[in-house]
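Q: I'm new to this one. Can you walk me through the fold?

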Amino acid sequence: MQTREIDFASKEGISWGTTSAFVVFHALAVVALFYTTWQAVVVAVVLHWICIGWGIGLGYHRLHTHRSYKTPKVVEYFFALCATMTLQGGPIFWTAMHRIHHQKSDQPGDPHTPRDGKWWSHMLWTIFGEELHGDTEVLGKYAPDLAKDRFYRVLTHWHWVPLVVLGLTLLAIGGLPWLLWGVFLRVVFGLHCTWLVNSATHLWGTRRFDTRDDSKNSLWVALLTFGEGWHNNHHAHPTSARHGMTWREIDLTWMQLRLMKWLGLAWDVQVPTASQIANKAVAAENAA
Ligand SMILES: [Zn+2]
Ligand SMILES: [Zn+2]
């Protein structure tokens, strides 16, 4: 049962597979600009919504990692499938890394804290250290609930396959413009949006809650990520399905979750009570 200890904040060695993929994707994202058609732009926007909004926001983050609501298994699987098409790894990998981030936020062992450098927290952390994307045995220790499910193990091991299938489908239907915009440019844009949650919202913004990490609330990151920018709220109340805590804190993922609840597709939706919110709030005189 013993698995070896891994330092997820390790800066030893470069993962060449991940690095090459990111270089190729960034280069082709620039090429995409020369193949712009309005249909290709619409395809990219719709896929950004599905893969980042549903896949990462409603899926990997609020459901698979934090279990902030319940939904039918088929919806869980569907969101995980959407999320793999962001090139952020499979469900067991993503969940494990993010749970470690919450355990060790801005402390030694945090995979991506800006205390190790702005660029480290944004993207460099993804290419350094051991290549673990498909290692369900090591990662499963941090996400045992997902690791016991065969679908998640297979999807984590073969996480890049759905994106390849999507790419070939787009190429067949809409040619090069759809492939370049729907896969390469859209994936690069989505990666930077998610990475901003690790970098920008641990650097710049406001703090509503007194947490032991550097997390901040940021409207512009929230707008890019369907509500994930209310990161100080989230670190203070990690199991809350709602990250934007007032009507002014726009949280599209929360709005979609309310719609899912109304449709009977979500239940046991977790939100903090008024006293839990008051307990952790930064004292009024310090908030200014
Ligand atoms: Zn964080
Ligand atoms: Zn989280």
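A: Axes are lines fitted to C-alpha atoms, for helices over the stretch in contact, and angles run from 0 to 180 degrees between N-to-C directions. This is a predicted model: local features need pLDDT of at least 70, side-chain atom pairs count only at pLDDT 80 or more, and totals for chains, interfaces and linings use all residues. Residues are numbered from 1 along each chain as its sequence is written.

Q: How many helices and strands are there in the protein?
A: There are 14 helices and 0 strands. Helices (H or I, at least four residues) and strands (E, at least two) are DSSP runs, numbered from the N terminus.

Q: What does the C-alpha trace span along its principal axes?
A: About 55 × 45 × 35 Å.

Q: At what angle do α2 and α12 pack?
A: About 85°, with the axes of α2 (residues 38-65) and α12 (residues 252-262) 10 Å apart. The two helices are therefore roughly perpendicular, a label for angles of 65 to 115 degrees.

Q: Which residues meet there?
A: From α2, Gly53, Gly57, Leu58 and Arg62; from α12, Leu252, Thr253, Gln256 and Leu257. They are in contact, with C-beta atoms, placed from the backbone, within 7 Å.

Q: New topic. How much of the protein is buried?
A: Buried residues make up 44% of the 288 residues. Buried means 20 or more other C-beta atoms within 10 Å of the residue's own; exposed means 12 or fewer, and partly exposed is in between.

Q: Which residues are buried in α8?
A: In α8 (residues 150-157), they are Tyr152, Arg153, Leu155 and Thr156.

Q: And what covers them?
A: The cover includes α3 (73-84), α4 (91-103), α6 (136-140) and α7 (144-147).

Q: How do α4 and α8 cross?
A: At roughly 90°, with their axes coming within 7 Å. That makes α4 roughly perpendicular to α8. Pro91, Ile92 and Phe93 in α4 meet the α8 residues Tyr152, Arg153, Leu155 and Thr156.

Q: Which members of the largest nonpolar core touch the most others?
A: Val43, Ala83, Ile92, Ala96, Trp181, Phe184 and Leu185, out of 54 residues. Helix α9 (residues 161-198) gives the most to this core, with 13 residues. Such a core is a set of buried Ala, Val, Leu, Ile, Met, Phe, Trp, Tyr and Cys residues joined through C-beta atoms within 7 Å.

Q: What is Ala83 in contact with?
A: Leaving aside neighbours within four places in sequence, Ala83 contacts Cys51, Gly55, Ile56, Gly59, Tyr60, Gln88 and Pro91.

Note on methods. Chains lettered and ligands numbered in written order. Contact = placed C-beta atoms within 7 Å. Parallel < 35°, antiparallel > 145°, perpendicular 65-115°, else oblique.
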